[in-house]
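User: I would like to go through a protein model and ask what stands behind the words used for it. Please set each value against its definition.

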Amino acid sequence: MATANAHHAVTDLPVPVIDFSAFTGGDTSRQAETAAEISRACREIGFFYLKHHGVDAALLDEMFAASAEFFDQPAQIKQDVAWQSAEENLGYVAIGRESLDPNQPGDFKEAFNINEDDAMSGEHAQRHPANRWPPRPQAFRPVMERFFHACVNTADAVLHAFAIALETPREFFVEKHAAHDHTMRVLHYPALGKAGQDDAAKPRAGGHTDYGSITLLFQDDVGGLEVRTLDGEWRFAPPIPGTVLINTGDLMQRWTNDVFRSTPHRVGASLAENAERDRYSVAFFCHPDMDAEIACLDSCHGESKPAKYPPITAHEHLMERLGATYG
Ligand SMILES: O=C(O)CCC(=O)C(=O)O
Ligand SMILES: [Fe+2]
């Protein structure tokens with residue numbers, strides 16, 4: 001439908017922009033309202049942008065700078081810290097190594113996976129394997145560690161909002177994520193379609209849903225992320241300065257008895273406007289504690305809507321999904 005209202009150009013986006021200052025600024029009187037907006041977004045599209053999300057803009061810049069410097073190094077340096085197993089899921093993943101859509105050729109991207117290891121958290125010592133840090137660039141490790149902690153803080157605040165939205169005690173989801181079994185993934189999508197290269201049609205990241213509870217996605221200004229709407233159309237979810245894009249994953253969909261959606265998304269290649277530019281992003285995948293039981297939430301089932309899925313542990317769920325991606 002055409003509209004003359006300039007205002008509408010923004011709201012035509014299938015993905016809403018939600019102001020999170022009620023949570024990051026501690027204004028409890030407005031928190032129920034914000035939680036309701038998040039609930040609506042999760043039920044309708046499974047994605048929302050959050051502004052005033054609490055991650056420092058200067059830290060974000062430092063993170064992207066360290067990421068670019070890391071990926072710009074010779075292949076051997078990156079291979080020395082290569083990804084080893086789905087169980088550990090840490091370190092460098094080379095271009096083409098992974099297909100987020102198992103029916104597609106390998107994604108034209110490289111990545112580096114980080115978890116909260118003992119050196120980062122005395123509190124949960126012994127729980128997580130050591131990160132596979134590269135020796136260079138020097139700033140990479142300290143910056144990524146700080147960025148990881150910042151993401152945990154924002155994720156916990158979002159999980160408070162989810163608890164309110166889903167009528168559970170406020171700490172319910174934060175307690176289910178107490179061990180910080182999260183994975184942070186720093187991503188680089190090399191420029192496509194440069195003269196002499198036949199790569200313009202390669203997918204940067206094939207269509208997929210995320211495995212965990214929620215994902216925080218920070219993208220640079222290149223764009224290319226597409227989200228599949230309910231009617232099966234792929235729509236751009238462009239970068240919006242000052243926001244983080246958040247989506248609900250398969251585990252949250254299961255937890256909520258399909259009330260919240262885990263929506264397919266991808267990073268396009270030839271379709272994307274800026275495919276000839278390198279693209280950088282970082283995804284922070286939140287995952288409940290491996291031994292946490294994921295059973296249908298009380299607010300999501302009733303006589304007319306029985307629980308569809310039996311309880312499962314978060315670990316069982318993750319292994320099922322990772323097995324499909326790495327084949
Ligand atoms: O890089 C992006 O914008 C999206 C990446 C993504 O969806 C993923 O790694 O799960
Ligand atoms: Fe994803």
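Analyst: Residues are numbered from 1 along each chain as its sequence is written, and chains are lettered from A and ligands numbered from 1 in the order in which they are written.

User: How do you know what confidence the predictor has in the protein?

Analyst: From pLDDT, the predictor's confidence in each residue, from 0 to 100. The protein averages 88, and 88% of the residues score at least 70. The model as a whole scores ipTM 0.99 and pTM 0.92.

User: Where does pLDDT stay under 50?

Analyst: Over residues 1-12, for which the model has one contact beyond four places in sequence. A contact here means two residues whose C-beta atoms, placed from the backbone, lie within 7 Å. Where pLDDT is low, the predicted coordinates should not be read in detail.

User: What makes up the secondary structure of the protein?

Analyst: Nine helices and 14 strands. Both are DSSP runs numbered from the N terminus: helices are H or I with at least four residues, and strands are E with at least two.

User: Why is H180 called buried?

Analyst: A residue is buried if 20 or more other C-beta atoms lie within 10 Å of its own, exposed if 12 or fewer, and partly exposed in between, with C-beta atoms placed from the backbone. H180 has 21 other C-beta atoms within 10 Å, so H180 counts as buried. H180 lies in the loop between α7 (172-176) and β5, and has a positive phi of about 55° although it is not a glycine.

User: Why does N89 count as partly exposed?

Analyst: N89 has 19 C-beta neighbours inside 10 Å, so it falls in the partly exposed class. N89 is in the loop between α5 (75-79) and β3, and its phi is near 55°, a positive value in a residue other than glycine.

User: What about R235: why is it called partly exposed?

Analyst: R235 has 16 other C-beta atoms within 10 Å, so it is partly exposed. R235 is found in strand β9. Leaving out residues up to four places away in sequence, R235 touches P14, E226, V227 and T229.

User: What makes β6 and β9 edge strands?

Analyst: Two strands pair if DSSP finds at least two bridges between them. An open sheet of four strands has the order β6-β11-β8-β9, with antiparallel pairing. β6 (205-208) and β9 (234-236) each have a single partner strand, so one side of each is left without a neighbour in the sheet.

User: How do you know that β6 and β11 pair?

Analyst: Two bridges join them, and they run antiparallel. With at least two bridges as the cut-off, the two strands therefore count as paired. A205 has V267 in β11 as its bridge partner.

User: What is the order of the sheet with eight strands?

Analyst: The order is β1-β2-β10-β7-β12-β5-β4-β3; this sheet is open, with mixed pairing. Its edge strands are β1 (17-19) and β3 (91-93), each pairing on one side only. The twist averages 25° from one strand to the next; axes are lines fitted to C-alpha atoms, for helices over the stretch in contact, and angles run from 0 to 180 degrees between N-to-C directions.

User: How do you know that β12 pairs with β7 and with β5?

Analyst: β7 and β12 share five bridges, and β5 and β12 share seven. Both pairings are antiparallel. F285 in β12 stands opposite T183 and also opposite T215, while L217 has A283 in β12 as its bridge partner.

User: Why is β12 called mostly covered?

Analyst: Seven of its seven residues are buried. R279, S281, A283 and F285 point one way from β12, and Y280, V282 and F284 the other way. Helix α4 (residues 57-71) lies across β4 (110-114), β5, β7 and β12, at about 115° to β12.

User: What surrounds ligand 1?

Analyst: The shell consists of R185, L187, A205, D210, L217, Q219, L225, H265, V267, S281 and A283. A residue is near a molecule if its C-beta atom, placed from the backbone, lies within 6 Å of it. β5 (183-189), β7 (214-219), β11 (265-267) and β12 (279-285) each supply at least two residues of this shell.

User: How do the residues of that shell divide?

Analyst: Into six nonpolar, three polar and two charged. Ala, Val, Leu, Ile, Met, Phe, Trp, Tyr, Cys and Pro count as nonpolar, Asp, Glu, Lys and Arg as charged, and the others, Gly among them, as polar.

Terms used: Predicted model: local features only at pLDDT ≥ 70, side-chain atom pairs only at ≥ 80, totals over all residues.
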